[in-house]
Amino acid sequence: MALRPDLDIISQWIKPGSRVLDLGCGDGTLLAHLWKTRQVIGYGLEIDPNKIVMSVAADVNVIQADLNKGLSDMNNNTFDYVVLTQTLQAVQHPDQLLQDMLRVGRECIVTFPNFGHWRNRLQVSLKGRMPVSRNLPDEWFKTPNIHLCSVNDFEGLCNHENIEILQRSVVDHLHHSGPAMRLLPNLFGEFALYRIKNSQR
Amino acid sequence: MMPDSIPDQSVGLVRPQTLHFDQPLPLACGRELPQYDLVYETYGTLNSKHSNAILICHALSGDHHAAGYHSMDDRKPGWWENCIGPGKPIDTDRFFVVCPNNLGGCKGSTGPTSNNPETGKPYGPDFPIITVPDWVISQTRLANALDIDQWAAVVGGSLGGMQALQWAIDYPERIKHAVIIAAAPKLSTQNIAFNEVARQAIMADPEFHAGHYYEHNVIPRRGLMLARMLGHITYLSEDEMRAKFGRELREGKLNFGFDVDFQIESYLRYQGQSFVERFDANTYLLMTKALDYFDPASTCDNDLGKALEHVSAHFLLMSFTNDWRFSPARSREIIKPLLDHNKPVSYAEIEASTGHDAFLLPIPYYLAMFNTYMKHVAKEAGC
C-alpha cells in the first residue's frame, strides 16, 4: 500500500536512526514506515482507543494521551523530531503546543490544511459561508478544526514566536507541488508542511 | 470429555502442583527461609524451544488459581478467567502459563500458616516479612525448575504488576515483555495509610493473640473482616458504588439502630465475612507490608530512570480512569523514565467506572489492547 503522500514527504525529511515523537499517530502508519525504512525509534501519542489498538497491531509504541493537556510529562530535547500532522488546527492552544513541541524536540514537523486556499476564500467571500472543501470536509458545527490558519497565519506566528522555518512544502490534495503553489503558496496551496526549530537554540 | 457446564473458552479442570525447594532463600529483611514450597498452576503446553512461557503474578488477595476450575462443583473459575484461556489475551493455545502462589501466602505456598521446621508449629507472626524482590527470586527458582530461561512475558495487575516491573529490573535477560496493569512504581502516602488502618484492624482484634491465633484455635475474624471492608472501599470507585448501591435500603426502611440499614453496608459485611473464610490474617499483614515496601527506585538514588536504565523488556502498561487506588497518573510515573531511556513502551488509559478491580473485568478496549499486544508476544515467541 502506498504511504499517504504527506507522510511520504515527512519521512524524507527525517534522518535515519533518529528519535521521533508523532503527536496524534493514528494507526501508527508513519512510525511503522519510519522504523522499516529509516530505523527510527518512534513513539506515538494518540487519544482514540481504536487507533491505539491499531498502532499496537502495527507494532508501534503508542502512549494514550490528550494533546490538549500538553507534553509536560516529557523532558526537554527528548526527541530529534516531534511530528504533528493535520492536527494543529484541532487543538485548544496551537501556540502553546508548538512551544511544547519545540521544547521536547530539537526539530518539529507540522502539517495543516491551508485555510488561505482560493476555494476557501471564494466560499467565504461569495457565499458568505464557512468553507466545506476537499481539505476541510466538515460543516462548521461538526468540524474538529477550531483553530484553522493559512500559510501566512502560520508563518506570522513563527515570526512572532522566534520559530525558524527550516523547510517548507506547500502542495495540492495529491501532495504535488507546482509553479503556482511555489509562487503564491497562500493562495494555491491546499496543504502546508513545515520543518521548524526554535531559533534561539 | 469436558462436561457441558464448563464454558468453551476456559482451560477447564486444572490441578495445582507443588514444588519443594531445599536451597535456603535469603530475604531482603536479612533472614532466610531454610526451605519452602511453592504451589502453582500451569495452563497450555511448553513448546520445544521453551520460548512460550508466561508468568502470571497475583495481587494482594490472589493466588495460584488464575483460570479454570478445580472441580465441577466450583461455583467460580480462577480469578483471571476473563483474560486467560483459549482465544483469550493470555491464549493458552499458544502460551504455557505459570501462576504461583506467592511466598507468605495462605493457599499452599510456604507462609505463616505453614509449619516452621525449627519449632514444628505454624510460623504465624514469626514468618519473615517478604518483599517483591524476594518473590521475584523465588519465581526465578520456579522458572529454573520448569526449565524456563526466559519468560515471553511476565504479567500482572496491581501488586502483580509491581512484580512484573521488578522482574524487568532485576532479571533483564530473563523477561522479554512486562505487562503491568493498574499498578504504581511505589505506594502513595495515602495507600500506606489505608494499609496501616487495615493492619491495625487485624492486630487490635482480641482474637489476634499477637499473631499466634492458630494455637488458640481462633481467627481474628472481626479484624480481618474490617481490613477487607476497608480494602473494598478503595477497590471500587465512588461512581461504581453509587451506581451499584446508591442509598438503597436493605429492608426498604430505616431501622433506627446500628445494624445494616443500607445495601452498601450489607455488601461490605458480606465481602468481609466471605474473605475471612478464605484468607489468613497474618498473610494479609505480610502482603500489605510487601506493598508498602515496594520501591524499586529506592536503591537507585530514588531515580526510577536509573533503576530502569538496564531493562531490556518491552512494556505494556494499562490503567483505568476511575481507579483511585493506583490511578492513571501512577502508571505514567513508570512511562516517563522508560521514554527517557528509549525503552519500548505502549500505554492505554482505559475508560472504566469500576475502579481498581477493573483489571479483572472483561472491558472491551482493555481486552482488545491486551489481546493485540499478546499476539506480538506470541509472534516473537514463535508460538
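Predicted model: local features only at pLDDT ≥ 70, side-chain atom pairs only at ≥ 80, totals over all residues.
View 1. B:Asp63 forms a salt bridge with B:Lys107, and the closest N and O atoms of the two are 3.4 Å apart. Because B:Lys107 lies in the loop between β8 (96-100) and α1 (132-145) of chain B, and B:Asp63 in the loop between β5 (53-57) and β6 (84-85), the pair ties together parts that are 44 residues apart in sequence. B:Lys107 itself, at 24% relative accessibility, counts as partly exposed.

**View 2. A salt bridge between the side chains of A:Glu107 and A:Arg195, with an N to O distance of 2.6 Å.** This pair links distant parts of the chain, A:Glu107 belonging to strand β5 of chain A and A:Arg195 to strand β7 of chain A, 88 residues apart. A:Glu107 is buried at 16% relative accessible area, and A:Arg195 likewise counts as buried, at 15%.

View 3. B:Asp239 counts as partly exposed at 36% relative accessibility, whereas B:Arg242, at 51%, counts as exposed.

**View 4. The buried residues of helix α1 (residues 5-13) of chain A, among them A:Leu7, A:Ile10 and A:Trp13.** What covers the buried residues of this helix includes α2 (29-38) of chain A, together with strands β4 (79-85), β5 (105-113), β6 (163-171) and β7 (191-198) of chain A.

Terms used
Residues numbered from 1 in each chain as written. Chains lettered and ligands numbered in written order. Heavy atoms only, no water. Buried < 20%, exposed > 50% of the residue type's maximum accessible area, 1.4 Å probe, protein only. Helix = DSSP H or I, 4+ residues; strand = E, 2+ residues; numbered from the N terminus. Contact = heavy atoms within 4.5 Å. Salt bridge = Lys/Arg side-chain N within 4 Å of Asp/Glu carboxyl O.
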